Amino acid sequence: MSLADPASDTTPFFSDDNDGEGSADKDEGPSPRHEEEEDSPSGLSRTRAHLTVAVLCYVNLLNYMDRFTVAGVLPDIEQFFSISDGKSGLLQTVFICSYMLLAPLFGYLGDRYNRKVIMCVGIGFWSVVTLASSFIAKDYFWALLLTRGLVGVGEASYSTIAPTIIADLFVKEKRTNMLSVFYFAIPVGSGLGYIVGSTVDDRAKDWHWALRVTPALGLVAVFLLVCVVKEPKRGAVEARPEHTLHRTTWLADMTALCQNKSFILSTFGFTAVAFVTGSLALWAPAFLFRAAVFTGEKQPCIEEPCDTSDSLYFGVITCVSGVLGVAMGVAISQRLRKRTPRADPLVCAAGLLLAAPFLYLSIIFAQKSTVATYIFIFLGETFLSMNWAIVADILLYVVVPTRRSTAEAFQIVLSHLLGDAGSPYLIGVVSDSLKQADSYMWQFRSLQLSLLLCTFVAVGGGGFFLATALFIEKDRQRAENYASSDDAPIIVPKRGRSTKVPVSSVLI
């Protein structure tokens, strides 16, 4: 399999392995399977397309499961390495920074080369590094930070590319439904991270074993990608006979994206979602444990293993609320689209504005009622999860196919740079600065006050989505009616390889 994208319109002289087989069978007549694939603009049969989405969902679930396994055993890690809240927050911040910095690179590669190969290499590397992080000794906290940073390679190679493959397989409501299935993996994977982390830690009496579950599953993911996933033709399901999409330079792509108001504003709105989810993902289980110690329901963690039941409960809540939130957001959005084309950003705005008060109440009630706290967390996370699939769909229909991986990468960089790259560390630093004494009461109080920042960020994110609604119609029409310029590059052979030249240079 060549690294160059075999299905791309700018690399016509590269072919996939299956193409060779098809030409060999040409004399014998096309098989029913080949006829079905030829009828599909993407080049894949309906069965293969659905299997591809299933594999991508599995890998997405695995990525988020690994990301939040660390949060599920955070009290044990703090006790093992004897670190402060600020240093604990660095575990998530270092990972997100690596993920964020590498996303543009993989976005550039994903728009130009074979996406299947890129994902396989990235996920294989991620599995090896994750396994290595489980063998780090007590005096080498810096090594744990380093390996968590390297884990970002796998996430960046996958997250920027997978949604664009789904976009090349389905359109309109079918695409929205497939994206909702794909993004179900985020809350479910996140919840499983807490559940698996806390359960394995409790059974093995050693938090290191919690980090050894996902690497084995990662190898299974690489096997499935190799055997099941096939590269679809870019933009073929959306292609129009009156024009052909051509790739432009990276600078031209970025200029066009920066002028796309719906894309920029929705990215800022999603940044607020990333800030809140990043903070809660790392600190919610620790906050719930400290609240239980503060109220006298639990004993403080003096030695390993610590009580991780809060991570288990929070994981279950995250799974259920996430699935419910994603499904509810997609269902409401599809109903409202019949009344207004601005439905998607309005639903996203409503989700954040409704999540804010419930998250505020969950933080305040932690010192009074554990049951009420869990109920408010459930409601807050449900409304917060309404955004996941819809934001991805907005990006896909306001950006032309040849710029989608770059757009995904840009959104990842901006949302994580201003969102969850710094929010866990910021919450930890604010918590440390608010402590007036080294006591269990102030460990709880300081973290409680610092987490209140999330509610105000959620309100701001809702405002950005309301602003997106003002421009969404115009930007969507511009993307749907996009046509290359008259002097767009065409492909001609040069010594057996393809090369781009302007149209004007070959016209007489």
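This is a predicted model: local features need pLDDT of at least 70, side-chain atom pairs count only at pLDDT 80 or more; totals for chains, interfaces and linings use all residues.
**Stop 1: H12 and H13**

Select residues 261-295 for helix H12 and residues 309-336 for helix H13.

**Stop 2: H14 and H16**

Next, pick residues 343-364, helix H14, along with residues 388-398, helix H16. Here the packing angle is about 150°, with 10 Å between the axes. With the cut-off for roughly antiparallel set at over 145 degrees, H14 and H16 are therefore roughly antiparallel to each other. The crossing of H14 past H16 is left-handed.

**Stop 3: the Arg-337 network**

Stay around here and show the side chains of Arg-337, Asp-344 and Asp-393, which are linked in a network of salt bridges. Arg-337 pairs with Asp-344, their closest N and O atoms being 3.0 Å apart. Arg-337 also meets Asp-393, at 2.9 Å from N to O.

Now colour by accessibility. Arg-337 is partly exposed at 24% relative accessibility. Asp-344 is buried at 1%, and Asp-393 is buried at 3%.

**Stop 4: Arg-115 and Asp-168**

Across the whole structure, a search turns up nine salt bridges. For another one, select Arg-115 and Asp-168, whose side chains meet at 2.9 Å, N to O. Again the link joins distant parts of the chain, with Arg-115 in helix H6 and Asp-168 in the loop between H8 and H9, 53 residues apart. Are these two buried or exposed? Arg-115 has a relative accessibility of 1%, so it counts as buried, and Asp-168 is buried too, at 4%.

**Stop 5: the nonpolar patch**

Switch to a surface view and select Phe-125, Tyr-140, Trp-142, Leu-146 and Leu-150, which make a nonpolar surface patch of about 520 Å². Helix H7, residues 141-159, gives the most to it, with three residues. Finish on Tyr-140, found in the loop between helix H6 and H7. Tyr-140 has a relative accessible area of 42%, so it is partly exposed.

Terms used: Residues are numbered from 1 along each chain as its sequence is written. Side-chain values use heavy atoms; hydrogens and water are left out. Patches are made of residues with over 30% relative accessible area and no salt bridge: like charges are joined within 9 Å, nonpolar side chains (Val, Leu, Ile, Met, Phe, Trp, Tyr) within 5 Å. Accessible areas come from the Shrake-Rupley method with a 1.4 Å probe; for residues, only the protein chains shown count as cover. A salt bridge is a side-chain nitrogen of Lys or Arg within 4 Å of a carboxyl oxygen of Asp or Glu. Helices (H or I, at least four residues) and strands (E, at least two) are DSSP runs, numbered from the N terminus. Buried means under 20% relative accessible area, exposed over 50%, partly exposed in between (1.4 Å probe, protein chains only). Axes are lines fitted to C-alpha atoms, for helices over the stretch in contact, and angles run from 0 to 180 degrees between N-to-C directions. Angles under 35 degrees count as roughly parallel, over 145 as roughly antiparallel, 65 to 115 as roughly perpendicular and the rest as oblique. A crossing is left-handed if the near helix is turned anticlockwise from the far one by less than a right angle, and right-handed if clockwise.
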